[in-house]
Amino acid sequence: MHELSIVMNIIQIAEEESARNNASAVEEIELDIGELSGIELSAFEFAWEQAIKSTLLDGSARKINHIPGEGQCIECEAVFPMHRLYDPCPVCGKHYITVTKGKELKVRSLVLN
Amino acid sequence: MCSTCGCNTTDHEHPHPDDHHHSHEKKIVQVEKDVLYENNLLAQRNRGYFDARNILALNLVSSPGSGKTTLLERTLTDLKNEFFFYVIEGDQQTSRDADRIHATGTKVAQINTGKGCHLDAHMILHALQGMKPAENSILFIENVGNLVCPAMFDLGEKERVVIISVTEGDDKPLKYPDMFHTSTLCIINKIDLLPYVSFSLEKAKEYARQVNPELVFIELSCTTGEGMAQWYQWLKEKVFVPATV
């Protein structure tokens, strides 16, 4: 359940940004969560519901951009969709792969009031 | 939120006095901030501290019961005349592991994470403040027994060492790929039990290499001592040939 720590960090970022902008409410929060970020979405959902109570994010709209995983083979340089870290390169079958997308876990934007 | 000392706790009260004038216009802020930025920042601070003092900090991760503490007990005892060792123990409850390490004569700090399932860089920072490890030493950080959550939290370590034992399934690397993806050394423990279990060393290594082709393996038994020499050799190489930053 590291998802709870992740949600706590998101709340902290939202509160810091709100304070910096003299805002009293967060109307919307936009998150990037990659397919290979290590976040279990059902656990994230559960942690979110519990953790945001009586915080600035209580009642805020939440938008999640799910970023699909993408890898590049170091051997043959092919770029391909990657759903699991142990997927081989579909072109040459090797496992020397750099994850190019899907590790994202960030707060992209806030709509403050 | 700091679950170690309670510092920098997030205040959920937002006073809004009536004489407080501000516009109610919407404002869009492009935050573009990594959710783990604070942990990563603190991890880099820890890393700088370790580098400056030439401390080899190793983050030991595994499932519960793979033999992390036993591996440490044996290592600390066998090499106590060769290195200065320090240990940070992470567990949800009790100081049982720290007591075992303390019995070897090694300076140890116990972190109890309570409900937390992993150590984070902030907890390590606090432990270091109390511990003040000497220069040119080795610091073992024994993470909470959990192959999932600790993978996401950089502590500032030099290397991450994942430990599995042959009493677990040989498909662990595929079931918990993140941990094997972020580790540089994989210790396969309890090999004295291989004749009694269906664990295949070759399969386990093949699966782990699918996740991380550069992973190094050391097979050993803390009970019989087989393979311990290789582990000690690995440690010595890391200490005497510090990686360039």
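The model is predicted: local features need pLDDT of at least 70 and side-chain atom pairs pLDDT 80 or more, while totals for chains, interfaces and linings use all residues. Residues are numbered from 1 along each chain as its sequence is written, chains are lettered from A and ligands numbered from 1 in the order in which they are written, and side-chain values use heavy atoms, without hydrogens and water.

**View 1. Chain B as a whole.** Chain B exposes about 11,900 Å², of which carbon and sulfur atoms supply 50%. Of its 245 residues, 49% are buried (under 20% relative accessible area; exposed means over 50%, and partly exposed lies in between). Chain B contains eight helices and eight strands; these are DSSP runs numbered from the N terminus, helices being H or I of at least four residues and strands E of at least two.

**View 2. The sheet of chain B.** Seven strands of chain B form an open sheet in the order 4-3-5-2-6-7-8, with parallel pairing; two strands pair if DSSP finds at least two bridges between them. At the edges are strand 4 (107-112) and strand 8 (216-219) of chain B, each of which pairs on one side only. From one strand to the next, the twist averages 20°.

**View 3. Strands 3 and 5 of chain B, with a helix on the sheet.** Strand 3 and strand 5 (residues 138-142) of chain B pair in the parallel sense over five bridges. Ile88(B) stands opposite Ile141(B) in strand 5 of chain B. Helix 4 (residues 121-131) of chain B packs on the sheet and touches strand 3, strand 4 and strand 5 of chain B, where contact means heavy atoms within 4.5 Å. The direction of helix 4 makes about 145° with that of strand 4 of chain B; axes are lines fitted to C-alpha atoms, for helices over the stretch in contact, and angles run from 0 to 180 degrees between N-to-C directions.

**View 4. The surroundings of Gln93(B).** Gln93(B) is found in the loop between strand 3 (85-91) and helix 3 (96-102) of chain B. Not counting residues up to four places away in sequence, Gln93(B) touches Asn112(B) and Gly114(B). Gln93(B) and Glu135(B) are 42 residues apart in sequence and 30 Å apart in space, C-alpha to C-alpha.

View 5. Met1(A) is found in the segment before helix 1 (2-20) of chain A. Met1(A) counts as partly exposed because its relative accessibility is 45%.

Note on methods:
Buried means under 20% relative accessible area, exposed over 50%, partly exposed in between (1.4 Å probe, protein chains only). Accessible areas come from the Shrake-Rupley method with a 1.4 Å probe; for residues, only the protein chains shown count as cover.
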